Amino acid sequence: MSQGIARAVTGSAGLLAPAALFWLAAIGAALGPSPAGAAEAVQLKPVAQGIYVYTGPHADASGSNLGAVGNVAIVVGGESVALIDSGGSLAFGLQLRAALEEITDLPVSHVINTHVHPDHLLGNAAFASPTVEIVGHRRLGPALAARATFYLEAGARNIGPEFAGTEAIGPTLEVADSIHINLGGRVLKVTAHATAHTDNDLTVYDRRTRTLFAGDLVFIERLPVVDGSLKGWLAVMDELRAVPAVRVVPGHGPASARWPAALHAQERYLQAVLRDVRIEIAAGGTIENAIGWVASEERTKWARFAEDHPRNVTASFTELEWE
Ligand SMILES: [Zn+2]
């Protein structure tokens with residue numbers, strides 16, 4: 001069932017008999033993702049000239065969000081459109097495509113995946129075609145191959161029937177250092193980074209509007225997740241700070257935020273983890289003990305702290321143990 005139909009059912013619940021509700025649900029299930037409802041379901045917010053952003057909720061992947069819990073951006077050039085990330089399922093990707101078609105008739109030429117996490121690339125199948133380049137870090141393909149089975153099984157379990165048809169589609173154009181993509185009078189610079197949030201992070205920079213698309217190298221509101229290297233991430237943040245952007249579109253959080261001020265909270269949290277885990281290690285302590293106190297002053301400042309902080313401490317402890 002599409003989100004649009006789901007909302008229609010919910011909104012009408014007080015007026016309809018149970019049998020009518022059943023039929024609405026059945027019709028929704030039969031139709032699958034509905035182009036008619038899609039533009040309502042996926043809200044694209046304009047943040048600069050020719051740039052639109054879908055903001056994912058700070059939630060686990062589920063049937064109600066179709067796995068699209070990260071942000072997705074669209075950049076409209078003079079001749080074609082680039083997508084930066086694609087959401088967490090085929091169903092979401094189809095809804096996104098329908099919403100995009102409400103904005104422009106230009107074709108999508110590039111789907112740029114900022115990294116391997118499923119909420120950022122499992123919508124690729126909705127856009128895959130011989131005329132569309134899927135762009136990723138040179139390490140994205142191997143990372144996705146290693147995790148695809150796990151991601152697809154987890155998606156089927158967490159998202160349910162709405163996940164049907166979703167595939168893990170890797171890059172057709174790999175970035176080792178940086179490349180430029182010309183959308184017709186609008187050039188995007190795509191940069192591959194050293195290991196940070198993951199080992200396959202890309203950023204995209206639009207010179208025309210001085211907008212940086214940071215993927216999950218920048219989290220706002222939702223707790224950053226370390227799936228690469230804590231020290232590496234702090235080093236990449238120092239590089240990113242030099243980008244002459246005026247705004248950033250983060251991987252999680254609002255549609256856009258001022259740059260580089262948007263980095264402050266994330267840097268404060270990651271530096272606190274670095275500092276405190278080093279203290280625990282120096283004292284001969286354990287991961288379990290570290291989880292109990294490291295960066296505890298950050299607890300009330302982030303969404304998803306309870307869920308994701310223990311994993312960050314564990315990953316950081318393992319990384320810093322042998323430095
Ligand atoms: Zn991520």
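Colleague: Which way do strand E5 and strand E6 pair, parallel or antiparallel?

Modeller: Parallel: three bridges join strand E5 (residues 108–112) to strand E6 (residues 133–137). This is a predicted model, to be clear.

Colleague: What stands opposite isoleucine 112 in E6?

Modeller: Valine 135 is the residue facing isoleucine 112.

Colleague: And what sheet are E5 and E6 in?

Modeller: An open one of seven strands, ordered E1-E2-E3-E4-E5-E6-E7, and its pairing is mixed.

Colleague: Which strands stand at the edges?

Modeller: Strand E1 (45–48) and E7 do. Each has a single partner strand, so one side of each has no neighbour in the sheet.

Colleague: How much are neighbouring strands of that sheet turned against each other?

Modeller: On average 25°, with direction ignored.

Colleague: Changing topic. Where does isoleucine 169 lie?

Modeller: In the loop that runs between helix H6 (140–159) and strand E7 (173–175).

Colleague: Is isoleucine 169 buried or exposed, and why?

Modeller: Buried, because isoleucine 169 has 21 C-beta neighbours inside 10 Å and the cut-off for buried is 20 or more.

Colleague: What is isoleucine 169 in contact with, leaving aside neighbours within four places in sequence?

Modeller: Asn124, Ala125, Ala128 and Ile134.

Colleague: And how far is isoleucine 169 from alanine 145 in space?

Modeller: The C-alpha to C-alpha distance is 9.3 Å, while the two residues are 24 apart in sequence.

Colleague: On to E12. Is that strand mostly covered or mostly open?

Modeller: Mostly covered. Strand E12 spans residues 247–252, and five of its six residues are buried.

Colleague: How does E12 run relative to strand E11?

Modeller: E11 (residues 211–219) and E12 run parallel, joined by five bridges.

Colleague: Which helix goes with E11 and E12 in the β-α-β unit, and what is the handedness?

Modeller: Helix H7 (residues 230–241), and the unit that E11, H7 and E12 make is right-handed.

Colleague: What about E12 and E13, parallel or antiparallel?

Modeller: Antiparallel, with two bridges between E12 and strand E13 (residues 257–258). Valine 248 has alanine 257 of E13 opposite.

Colleague: How many residues are there between E12 and E13 in the hairpin?

Modeller: Four. Glycine 253 sits in that turn, and its phi is positive, about 120°.

Technical notes
Residues are numbered from 1 along each chain as its sequence is written. This is a predicted model: local features need pLDDT of at least 70, side-chain atom pairs count only at pLDDT 80 or more; totals for chains, interfaces and linings use all residues. A residue is buried if 20 or more other C-beta atoms lie within 10 Å of its own, exposed if 12 or fewer, and partly exposed in between; C-beta atoms are placed from the backbone. Two strands pair if DSSP finds at least two bridges between them. A crossover is right-handed if, with the strands pointing away from the viewer, the path from the first strand over the helix to the second runs clockwise. Two residues are in contact if their C-beta atoms, placed from the backbone, lie within 7 Å. Axes are lines fitted to C-alpha atoms, for helices over the stretch in contact, and angles run from 0 to 180 degrees between N-to-C directions.
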